[in-house]
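Biologist: I would like to go through this model with you, one region at a time. Could you show it first?

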Amino acid sequence: MPISDEWRQKIRGWIRFGDWLQAVEDAGVSPNIGSFLGGGTLRNVGKGMEMGRPSADALDLMRRTMAEAMDDGAFGVSYALIYPPDSYTDTEELIEICKVVSRYNGLYITHMRSEGAQLFEGLEEALTIGRRADLPVEIYHLKASGAANWHKMPSTIARIEEARAQGLDVTADMYPYAASGTGLSSLLPTWTAADGNFFENLEDPAVRSRIRKELLEAQDSSGQPSTSGGAAGVLPVGFHREENQHYVGMNLGQIAAERGQDWLDCAIDLLRSESQRIGTIFLSISEDNLRSQLPLPWIKFATDAAGVDPAWAAELGPTHPRAYGTYPRVLGHYVRDRRLLTLEDAVRKMTGAVADRLGLRKRGHLRAGFYADIVLFDPHTISDRATFAESHLLSVGVQDVWVNGQRVLRDGEHTGAVPGRFVRRD
């Protein structure tokens, strides 16, 4: 949804982590809201988009910013280590920031540095940070990405369970789809975004030549994106420019063939044309791995998606169906139809397990004296309807919802109530 001039003015006045969440509560919101402090935000505070280690002064500034966020009620710190500028952060810097979070009994949540070829190394880094900084670790949307890496999931699960048995508090979450969603820009090396010059760098023939050597000509390169089907498994959907709209529904291989290019030149030129990351769906996850992860007791469910409303979001083009269907898909497809886990366990992984992990008191459970955050659904009819072809379809089977004791959904219709609060880690 476009940001109004009034909100732009408010944003300019925000100086602390808690300012934006409090502003959202004050404006009125239906669900409860809370957040981690993004590691990329910390990098921008201390070092902008530069690569390399921060100076001692910059690191101290980042530590102070982290402490202020924890004082404001942040759940902890989140790093997405495959995206710049988070990817420019080394392990020692991560440990230093996490030591601050640990003092507040917070949580380190990580999109690991690799979910593909270096999956095991990424996992070991996450476990090392948890041990050395003495804090719990959450791996968000755990997966083995790319068909060449699908066989690594059993060993990944075994390593996590071994670490848990040794006393490290490590858990994970996942979404129930065999496709991920991110920017087309993620196909390119993270150094291309250094100093905030991503799009300028794409205009440089020397940069393009270096990208080509790194992605196509390297000895260990397959010459294709790490998806099911290579370029055919890359589905760009988030086009903004009118001249590119006819590519929606085509995969990157098809777009490249129409343009008479290889997939890499095509991806770069699309990014240059759009001057934005281009939301893209990647067919890169194994359904068999999903089924093996769903019943694990230390797994929780998450959408990995922004909240959207088809009343305005459909005008922006397709999106990943997880934005609309994550929880109904688990309850309908995997619980009722496939019987891969019980209804009770699925509900626990969506509610109490999440609230407990985030340190939210009196939430996530139906108990006397707790906040009345309640969803009433029909287990016989609940189903997701959003698909990759038609993504802006609301799920069915949810009848009524209460947030903080106020009814926000009645017989499937929004009541207009906005009782949501800025919830803080206790």
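This is a predicted model: local features need pLDDT of at least 70, side-chain atom pairs count only at pLDDT 80 or more; totals for chains, interfaces and linings use all residues.

Biologist: In what order do the four strands of the open sheet lie?

Modeller: The order is β10-β11-β12-β13, with antiparallel pairing. β10 and β13 (413-414) are the edge strands, as each pairs on one side only. Helices (H or I, at least four residues) and strands (E, at least two) are DSSP runs, numbered from the N terminus. Two strands pair if DSSP finds at least two bridges between them.

Biologist: How many bridges join β10 to β11?

Modeller: Four bridges join β10 (residues 374-377) to β11 (residues 398-403), and the two run antiparallel. I374 stands opposite W402 in β11, and V375 has V401 of β11 as its bridge partner.

Biologist: And how many bridges are there between β11 and β12?

Modeller: Three bridges, again in the antiparallel sense, pair β11 with β12 (residues 406-410). V403 has Q406 in β12 as its bridge partner. The hairpin of β11 and β12 has two residues between the strands, and N404 takes a positive phi near 50 degrees there.

Biologist: Changing topic, how many cavities of 30 Å³ or more does the structure hold?

Modeller: The structure holds one. The largest cavity has a volume of about 40 Å³. A cavity here is a set of points, on a 1 Å grid over the protein atoms alone, where a 1.4 Å probe fits but cannot get out; lining residues have an atom within 4 Å of a point. Grid points are joined across faces, edges and corners, and the volume is the space filled by probe spheres set on the points.

Biologist: Which residues line the largest cavity?

Modeller: Its lining consists of H141, L142, K143, M174, Y175, Y177, I285 and L290. By class, six are nonpolar, one is polar and one is charged. In this scheme Ala, Val, Leu, Ile, Met, Phe, Trp, Tyr, Cys and Pro count as nonpolar, Asp, Glu, Lys and Arg as charged, and the others, Gly among them, as polar.

Biologist: Now K349: is this lysine buried or exposed?

Modeller: K349 counts as buried because its relative accessibility is 0%. Buried means under 20% relative accessible area, exposed over 50%, and partly exposed in between (1.4 Å probe, protein chains only). K349 is in helix α15 (residues 343-350).

Biologist: What does the side chain of K349 reach?

Modeller: It reaches the backbone oxygen of L294 at 2.6 Å. Not counting residues up to four places away in sequence, K349 touches residues including P295, P297, F301 and V354. Contact means heavy atoms within 4.5 Å.

Biologist: Where is L271 found, in which helix?

Modeller: L271 is in helix α11 (residues 263-274). L271 counts as buried because its relative accessibility is 0%. Beyond four places in sequence, L271 touches L184, F198 and I278, among others.

Definitions and conventions
Residues are numbered from 1 along each chain as its sequence is written. Side-chain values use heavy atoms; hydrogens and water are left out. A polar contact is a pair of N or O atoms within 3.5 Å; within protein, one must be able to donate a hydrogen and the other to accept it, and residues adjacent in sequence count only if both atoms are side-chain atoms. On a 1 Å grid over the protein atoms alone, a cavity is a set of points where a 1.4 Å probe fits but cannot get out, and a pocket is an open set with protein on both sides within 12 Å along at least five of seven lines; lining residues have an atom within 4 Å of a point.
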